[in-house]
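Dear colleague,

Please find the structure below, followed by a short account of what was found in it.

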Amino acid sequence: MAGVVRYHATTKKQTREKHIDESLIVRWTLISIAVLFIAIMIILPLAVVMTEALKKGASVYFAAIAHEDAMSALRLTLITAFIAVPLNTVFGVLVAWAISKFKFRGKQLLLTLIDLPFAVSPVIAGLVFVLMFGAQSYLGPWLSEHNIKIIFAVPGIIIATLFITVPFVAREIIPLMQQQGITEEEAAVSLGAKGFQVFWRVTLPNIKWGLLYGIILCNARAMGEFGAVSVVSGHIRGRTNTLPLHIEILYNEYQFSAAFAIASLLMVLAIVTLIVKAIVEWREEVQNIHL
């Protein structure tokens, strides 16, 4: 009997050790594949961009960045993000509040429409705005008569960016608000709090990290958008070129060092955005641990 017990114990031990060995092999295999993929698809291209940008020396690199057209493209990129991100933040909060806190007809349709920019090609979105506000559109003659320029001007770029970045804030905070329900808001109202007080003191603290995360993603997409902006911008140097469009023009003109220099500038902006995103995620994780 004792021998049978020892046999079963030994068998279980061997099975457990084999399972652990297999788990370690699977784990390290998956980790190695992930690291290799990231190295080839992300780190290597970034390294190539910096190498090509500095290929002809630091003087050429900084001259390309300091060029008047590059500075104009940078200003326009930042202005576009500065306008589009706050507007989409306000819209995202309002629509998330409506969807998560109220029952109404057409809620599912509204959710579907919010996701529409994810499904529609940015180029098609740009063409839609050309058809809406272009010279041959229904509004074209009226806009021309009142000297209002939307297509091939800054307003068109902002509108296209607004459309492309609509889902980011809303989609980030809608699940949070739905998960939290309305119990806390109802309690605040029963204690005499008004609408804005309820939002500022109850709702916002519960969604602040998700909201900030959505804003960061929205800003990253706004600065890097190419397709829709390319269609509505007209590629006018010094006026309607954002950084991605300026990079394309330089590359098509075989100014490779300048193109990679501007690409590195856009890359730095993206890295700063990712650093802020990582800090937000870390702060949120720390807060959740303390809670």
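Tyr61 is buried, as its relative accessible area is 10%, where buried means under 20%, exposed over 50% and partly exposed in between (1.4 Å probe, protein chains only). Phe62, at 52%, counts as exposed.

This is a predicted model, in which local features need pLDDT of at least 70, side-chain atom pairs count only at pLDDT 80 or more, and totals for chains, interfaces and linings use all residues. Residues are numbered from 1 along each chain as its sequence is written, and side-chain values use heavy atoms, with hydrogens and water left out.

The whole structure holds six aromatic pairs; rings of Phe, Tyr and Trp (its six-membered ring) pair if their centres lie within 6.5 Å, and planes under 30 degrees apart count as stacked, over 60 as edge-to-face and the rest as tilted. Why is the pair of Tyr61 and Phe62 edge-to-face? The ring planes of Tyr61 and Phe62 stand at 85°, with the centres 5.1 Å apart, so the pair is edge-to-face.

Phe118 and Phe168 are also edge-to-face, because their planes lie at 85°, with 5.5 Å between the ring centres. This pair links distant parts of the chain, 50 residues apart: Phe118 belongs to helix α5 (residues 116–119) and Phe168 to helix α8 (residues 154–180). Helices here are DSSP runs (H or I, at least four residues), numbered from the N terminus. Phe118 is partly exposed at 47% relative accessibility, whereas Phe168 is buried at 16%.

Finally, one aromatic cluster is formed by Phe129, Phe133 and Phe163.

Methods. Helix = DSSP H or I, 4+ residues; strand = E, 2+ residues; numbered from the N terminus.
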